[in-house]
Amino acid sequence: MGWIFLLFGVMAEATSHVALKSTNGFTNLLPSTIVILGHLVAFLFLGQAMKDLPVGIVHASWAGLAIVVVTAMSSLIHKEHLDAKIWLGMAIVAVGIAVINLSGTSHSH
């Protein structure tokens, strides 16, 4: 269940970060509300994930996955052009997350 909570936390955080661009300095109510609620929901999910998974694994996975998801979402939503070097970097981050999670270390406390 920890991995499900982690993925929900990543999606909430990524949505929050992508909405941040539309807040116009927190003068637009809807995107500002999405940012605040997104961060709150993300931390609630991450707290649940940490019941089953080590803090270091949760944090590393959350940070890396959030980078990849925010980059992909901002490319789609805000039509930000990203060159091949950026996508290569995202692939390296994704591989790093996979290596961390496949390292064979115990996920118990």
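Predicted model: local features only at pLDDT ≥ 70, side-chain atom pairs only at ≥ 80, totals over all residues.
Residues are numbered from 1 along each chain as its sequence is written, and side-chain values use heavy atoms, with hydrogens and water left out.

I then placed Ser-16 in helix 1, helices being DSSP runs of H or I with at least four residues, numbered from the N terminus. Ser-16 has a relative accessible area of 0% and is therefore buried (under 20% is buried, over 50% exposed, in between partly exposed, with a 1.4 Å probe and protein chains only). Leaving out residues up to four places away in sequence, I list Ile-34, Val-35, Gly-38 and His-39 as touching Ser-16, contact meaning heavy atoms within 4.5 Å.

Next I checked confidence: the protein chain has a mean pLDDT of 89, with 94% of its residues at 70 or more (pLDDT is the predictor's confidence in each residue, from 0 to 100). Helix 2 has the highest mean, 97, and helix 4 the lowest, 84.

For helix 2 I compared lengths: its 24 residues should span 34 Å at 1.5 Å a residue, and the end C-alpha atoms lie 36 Å apart, which agrees; the expected span is 1.5 Å times one less than the number of residues. Its buried residues include Val-35 and Gly-38, and their cover includes helix 1 and helix 3.

In helix 3 I noted Trp-62 among the buried residues, which pack against helix 1, helix 2 and helix 4. After helix 3 comes Lys-79, with a positive phi near 55°.

Lastly, I searched the whole structure for aromatic pairs and found three. Phe-43 and Trp-62 form an edge-to-face pair, 5.7 Å centre to centre with 70° between the planes (rings of Phe, Tyr and Trp, its six-membered ring, pair if their centres lie within 6.5 Å; planes under 30 degrees apart are stacked, over 60 edge-to-face, the rest tilted). This pair links Phe-43 in helix 2 with Trp-62 in helix 3, 19 residues apart. Phe-43 is partly exposed at 49% relative accessibility, whereas Trp-62 is buried at 14%.

Methods
Helix = DSSP H or I, 4+ residues; strand = E, 2+ residues; numbered from the N terminus.
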